[in-house]
Amino acid sequence: MKQLCLLVFCLFVAKISYAQKDTTNVFSIEDLQEIVFQNHPIMKQAALLSEAARANVMQSLGYFDPALKAGFDRKVFGNSEYYNRWASELKVPLWLAGADLKLGYDRNVGDYTNPETHTSTAGLTGIGISIPLGQGLLIDSRRNTLRQAKVMVKYAEAERVKHINTTWFAIVKDYWDWHFAYKQFLLINEGVQLAQTRFKAIAQQTVLGDKASIDSVEAAITVQDRLIQFEKMKVDLMNARLTLSNHLWNNQAQPLELPETARPAQEAELKERPKQQLLDTLLSHANSLHPDLIKLQTKDEQLAIERSYRAELLKPKLNVGASLLSMRRDFNSNIPTHYDFNMGNYKLGLEFVFPLFLRAERGKLKEVKIKQLELQYDIQQTNREIQNSVIASYNHLDAYSQQLAVQVKSIANQEMLLRGENAKFSLGESTLFLINTRESKLIDMKIKREEMIIGYEKKLAELYYKAGTRM
């Protein structure tokens, strides 16, 4: 039995060589943040949301781009020139009043040209403007599209912030999971080493006849049990490290892997209770700058623009167009006064349209109003949920800080009990079972302490995340 126990001990010593590797390289949450925000693909992808919105604004600005169009038609048959038509126009859309500025040149000649459009061989030049005096004076479809596109830039920016915050919060949780796995690994390894040391001492005492063989068996079982935990924790640590490595990239967009020698920064055993000022600040931030609220408010701005446009469509169409005409083709020509630009040479057009019932327009306007009302209710509910979620996270954070203080005191008491039990055991007044029990309880309590520390850090990150920001 004695030889068997000594052999088992030697095998167990070989098992824990993994735990004796160098772990001097500290990888802190600040190091993670620097790498993630510089190189993470999702962070780069989030920046594209704003760029896409700005591209949409540029696309909407295209409705106000000047347009040049020209057309030429000619027909000759039986030695007769039936018609020779040339028409060209430069149209410049204006923001003010939805007007269009026009500069055109027409030349219509030929034996069978319509007298209404017939010109001299020099052609006619026209400078004019078209203005909607009714529907479209205050807002039209192109101004409506552009205004909404500009509002969407704010929406895209809020979506970008939310995307980044969500991604960072998930990464932070993975970091603290790795942190917790590493601390568990150290504590389990410490328990294995303590059990190994005790087993070696008892085995030697057994050989000398100072201890019974059953004590060596019990010490060996304790080592075996803790080695099983150690092997499981080793796998958990490897997996936690791999999960965290998912978020590590270099500046050449190549994936990185967290080395085995990396270790998290040491965290303080006690955490300060969060101050009321922190809660007030985050509640104020959430009320005004939370991405979800900004997105809803942006939708409200969009609906307000759409409502103005739909109300504009209830007006009758009254489009007026006027142009001054001249035979001038350049500024150096000598043109008779009665053929040059003056108030006597003009074209004038008037268009009036008014649907009698306006059912389509009134129905669409009512639909927009209903959407606005629904959105107001949504904003109220979302704001309340955000505020309460921030307060709930703050309450959890406060509870963690208080529980952690109690846990630290409990660990100190448990260590005192263990020292006393060891002293009694050395005097022959206690048993190995009691020592193992108290020692295992101490290890469990230290693991629970680390779990509380990690829970505190996660809740702190969640508090900021719920408020729509990040630490």
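Good morning. The structure is a predicted model, in which local features need pLDDT of at least 70 and side-chain atom pairs count only at pLDDT 80 or more, while totals for chains, interfaces and linings use all residues. Residues are numbered from 1 along each chain as its sequence is written, and side-chain values use heavy atoms, with hydrogens and water left out.

I begin with the overall division. The chain is assigned domain 1, made of 26–40 + 143–305 + 364–467, and domain 2, made of 71–142 + 316–358. Such bounds come from an automatic or database domain assignment. Between the C-alpha centres of domain 1 and domain 2 there are 73 Å.

How many residues of domain 1 are in contact with domain 2? There are 6 residues of domain 1 in contact with 10 residues of domain 2, where contact means heavy atoms within 4.5 Å. The area buried between domain 1 and domain 2 is about 710 Å², and carbon and sulfur atoms give 46% of that area. Buried area here is the accessible area, taken with a 1.4 Å probe, that two parts lose on being put together, summed over both. Arg143, Asn144 and Arg147 supply 81% of the area that domain 1 buries against domain 2, more than any other three residues.

Polar interactions also cross this boundary. Between domain 1 and domain 2 the count is 10 residue pairs in polar contact, both residues being at pLDDT 80 or more. A polar contact is a pair of N or O atoms within 3.5 Å; within protein, one must be able to donate a hydrogen and the other to accept it, and residues adjacent in sequence count only if both atoms are side-chain atoms. On the side of domain 1 that touches domain 2, helix H4 (residues 141–208) gives the largest share, 5 residues. Helices (H or I, at least four residues) and strands (E, at least two) are DSSP runs, numbered from the N terminus.

The count between domain 1 and domain 2 also includes 1 salt bridge, that is, a side-chain nitrogen of Lys or Arg within 4 Å of a carboxyl oxygen of Asp or Glu.

Let us now turn to Arg143. This residue is found in helix H4. Is Arg143 buried or exposed? Arg143 counts as buried, at 3% relative accessibility; buried means under 20% relative accessible area, exposed over 50%, and partly exposed in between, with a 1.4 Å probe and protein chains only. Arg143 forms a salt bridge with Asp140, with the closest N and O atoms 3.1 Å apart. Not counting residues up to four places away in sequence, Arg143 touches Phe64, Trp95, Ala97, Gly98, Gly136, Leu137 and Leu138.

I turn next to salt bridges in the structure as a whole, of which the count is 31. One of them joins Lys295 and Glu159, with the closest N and O atoms 2.5 Å apart. This pair links distant parts of the chain, since Lys295 lies in helix H7 (residues 291–312) and Glu159 in helix H4, 136 residues apart. Lys295 is buried, with a relative accessible area of 12%, whereas Glu159 is partly exposed at 24%.

Another salt bridge, of 2.7 Å from N to O, brings together the side chains of Arg328 and Asp340. Both residues lie in the loop between strand S7 (317–326) and strand S8 (346–353), 12 residues apart. Arg328 counts as buried at 15% relative accessibility, and Asp340 is buried with a relative accessible area of 15%.

The loop between S7 and S8 also holds Thr337. Thr337 is exposed, with a relative accessible area of 63%. Beyond residues up to four places away in sequence, Thr337 touches Asn342 and Asn345.

Lys446 is in helix H9 (residues 432–466) and Glu415 in helix H8 (residues 359–426), 31 residues apart. Lys446 counts as buried at 13% relative accessibility, while Glu415 is partly exposed, with a relative accessible area of 27%.

Helix H9 also contains Glu462, which is buried, with a relative accessible area of 17%. The side chains of Glu462 and Lys459 are joined by a polar contact of 2.9 Å. Apart from neighbours within four places in sequence, Glu462 is in contact with Phe169 and Ser393.

Thank you for your attention.
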